[in-house]
Amino acid sequence: MDTLTIGERTLKLEQGDITRYAVDAIVNAANSTLLGGGGVDGAIHRAGGHAIFNECLAIVGRRGPLPAGQAVKTTGGRMPAKNVIHTVGPVWHGGKRDEASTLASCYRESLRVAEQYGLKTVAFPSISTGAFGYPVAEAAAVALGTVAEFLRSEAVTVREVTFVLYDAATFGAYADALEALV
Ligand code: AR6
């Protein structure tokens, strides 16, 4: 299963490279420094260019490192996406440090930032399931449950959320989790 319709809103799953998506905002799975790294973070900074890095530097200069579960917005630079919403996922510690509620907060706070700017279309990667080690089946259930609930009860401007999953195994785990959700 790859699509869920909630009233006039849609949640979709696709396999691909998020840096190529022409949406109002793509979400970055960043770290607290906001200064780049590997994985999807590295790909976004490479594709978007210096404008993103400079804005991140200014944000961290103003407010300090971004705590896990929070989100901030910058330009999309040279990418087709107009904006990047940077959020910091939890590092997986076996499930004993409230990782699920921090992960849920990443999705909710990213969508709240999108709403603040009146954005309509948002694309997410699978936050925390790469370098941060969150088991993908469990992360998928949290991610989809949180976004579906947001679209059902809180969204005003956001009308389409796409999960852009990089590899077939991650896409499969999200497809299974979406089926279990409905
Ligand atoms: N498009 C979509 N998904 C991608 C792409 C892409 N271009 N590239 C990788 N992924 P990760 P995390 C997938 O490690 O676990 C960084 O160094 C990837 O296959 O990017 O939250 C940051 O600076 C995986 O499914 O993010 C942090 O230090 C998913 O994105 C740390 O890693 C997330 O993997 C964050 O770790």
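# Ligand shell and strand pairing

Trainee: Which residues come nearest the ligand?
Mentor: Asn31, Gly38, Asp41, Gly130 and Ala131, out of 23 residues around the ligand. Being near takes a heavy atom within 4 Å. This is a predicted model: local features need pLDDT of at least 70, side-chain atom pairs need 80 or more, and totals for chains, interfaces and linings use all residues. Numbering starts from 1 along each chain as its sequence is written, and side-chain values use heavy atoms, without hydrogens and water.

Trainee: What lies 2.9 Å from a nitrogen atom of the ligand?
Mentor: A polar side-chain atom of Asp17. Ala131 places a backbone N or O atom 2.8 Å from a ligand oxygen.

Trainee: How much of the ligand's accessible area does the protein cover?
Mentor: 88% of the 710 Å² that the ligand has on its own. That is Shrake-Rupley with a 1.4 Å probe.

Trainee: Which element gives the largest share of the shell?
Mentor: α1, with four residues. α1 spans 39–48, and β3 (25–30) also supplies at least two. Helices are DSSP runs of H or I, at least four residues; strands are E, at least two; both are numbered from the N terminus.

Trainee: New topic. How do β1 and β2 run?
Mentor: Antiparallel, with four bridges between residues 3–6 and 9–15. Strands pair if DSSP finds at least two bridges. Thr5 faces Thr10 in β2. Two residues separate the strands of this hairpin, and Gly7 in the turn has a positive phi of about 60°.

Trainee: And in which sense do β2 and β7 pair?
Mentor: Parallel, over six bridges, with β7 at residues 160–165. There, Thr10 stands opposite Glu160.

Notes
A polar contact is a pair of N or O atoms within 3.5 Å; within protein, one must be able to donate a hydrogen and the other to accept it, and residues adjacent in sequence count only if both atoms are side-chain atoms.
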